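Thanks, everyone. I will go through one model this morning, starting with a loop and ending with backbone geometry. Please have the sequence and the structure open.

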Amino acid sequence: METARVYRMKTAEHLCPFGMKTVDLLKRKGYQVDDHPLTSRDEIEAFKAQENVDTTPQTYIGDKRIGGYEEVREHLGMSVPSAKETAYRPVIAIFVTALLIGLAISWVANGTLVAARMPEYAVATAMVLLGLQKLQDVESFSSMFLNYDLLAQRYVPYSYVYPYAETLAGILMLAGAMLWLAAPLALFIGTVGAVSVFKAVYVDKRELKCACVGGSSNVPLGFVSLTENIAMVLMGLWMPLKMLL
């Protein structure tokens with residue numbers, strides 16, 4: 001069994017998460033880990049000076065220094081996600097969670113997973129979850145949103161109102177309350193959003209990031225964004241129509 005030496009920060013003030021990840025990863029990959037916690041600032045600085053490195057953890061396999069956590073992943077042939085790399089995982093997680101919550105509400109309210117209102121529960125929940133992502137940092141969201149939303153480009157305050165409007169519409173639709181407000185609100189922001197995304201992506205052929213899961217996301221603007229807006233349009237049309245049937 002090959003041995004790996006890991007030098008990592010483990011002080012009373014800070015337990016380095018990347019050091020723990022490195023040790024765990026190496027063990028799972030079959031290495032015998034010779035773990036060397038650095039328990040004081042003096043010990044950490046002395047190690048960095050001795051090895052001429054700027055950060056910890058540092059991993060050695062044989063006589064070769066591999067480096068930190070990401071370098072270890074790369075050495076083991078594993079992917080190393082980039083901060084600029086596009087990723088659909090956040091929005092997929094939200095949509096899947098919304099669907100599961102919709103099924104759960106349907107089961108509690110109707111005693112079945114496939115009640116007529118289940119899709120409504122799921123879409124309304126997705127609206128709330130997406131709205132909450134935007135509300136975490138409205139300033140960052142508005143900056144990204146202004147890159148492509150046609151109404152926000154004409155009236156900047158709309159970029160700040162949008163997250164609250166989406167969240168409110170989702171909550172009201174989930175409750176089936178005040179649909180006279182929720183339905184037009186969802187229809188309006190969904191229509192403007194769908195037109196804006198379609199123009200930016202399919203007409204202007206621009207490559208942008210989507211603000212659908214907040215201003216720091218790496219989700220590409222395109223099909224996912226269009227789906228979010230079309231779902232709101234359909235909800236805005238369906239909820240009042242259902243009352244007339």
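K209 sits in the loop that runs between helix 9 (179-203) and helix 10 (223-244). Helices here are DSSP runs of H or I with at least four residues, strands are runs of E with at least two, and both are numbered from the N terminus. This is a predicted model, so local features need pLDDT of at least 70, side-chain atom pairs count only at pLDDT 80 or more, and totals for chains, interfaces and linings use all residues. Residues are numbered from 1 along each chain as its sequence is written, and side-chain values use heavy atoms, with hydrogens and water left out.

K209 has a relative accessible area of 29%, so it is partly exposed. The classes are buried under 20%, exposed over 50% and partly exposed in between, with a 1.4 Å probe and protein chains only. From the C-alpha of K209 to that of S225, 16 residues apart along the chain, the separation is 9.8 Å.

K205 is exposed, because its relative accessible area is 62%.

How many cavities of 30 Å³ or more does the structure hold? There is one, and the largest cavity contains about 80 Å³ of space. A cavity is a set of points, on a 1 Å grid over the protein atoms alone, where a 1.4 Å probe fits but cannot get out; lining residues have an atom within 4 Å of a point. Points are joined across faces, edges and corners, and the volume is the space filled by probe spheres set on them.

Thirteen is the size of the lining, and F145, Y148, Y162, E228 and N229 are the residues closest to the centre of the largest cavity. Helix 10 gives the most to this lining, with three residues. By type, the lining has seven nonpolar, three polar and three charged residues. Here Ala, Val, Leu, Ile, Met, Phe, Trp, Tyr, Cys and Pro are nonpolar, Asp, Glu, Lys and Arg are charged, and the others, Gly among them, are polar.

E228 belongs to helix 10. It counts as buried because its relative accessibility is 6%. Not counting residues up to four places away in sequence, E228 touches L130, K134, Y162, E166 and C212, where contact means heavy atoms within 4.5 Å.

Now the packing. The largest nonpolar core has 38 residues, and those with the most contacts inside it include F145, Y148, Y162 and M173. Such a core is a set of buried Ala, Val, Leu, Ile, Met, Phe, Trp, Tyr and Cys residues joined through side-chain atoms within 4.5 Å. Helix 9 gives the most to this core, with 10 residues. Leaving aside neighbours within four places in sequence, M173 is in contact with residues including R117, A124, L179 and M239.

Last, the loop between helix 2 (41-51) and strand 3 (58-61), where P57 is placed. Most residues other than glycine have a negative phi, and most peptide bonds are trans. The bond from T56 to P57 is cis, with omega near 10 degrees. N52 lies in this loop too, and has a positive phi of about 55 degrees although it is not a glycine. At 69% relative accessible area, N52 is exposed.

Key. 1 Å grid on protein atoms, 1.4 Å probe; cavity = no way out; pocket = protein on both sides within 12 Å on 5 of 7 lines; lining within 4 Å.
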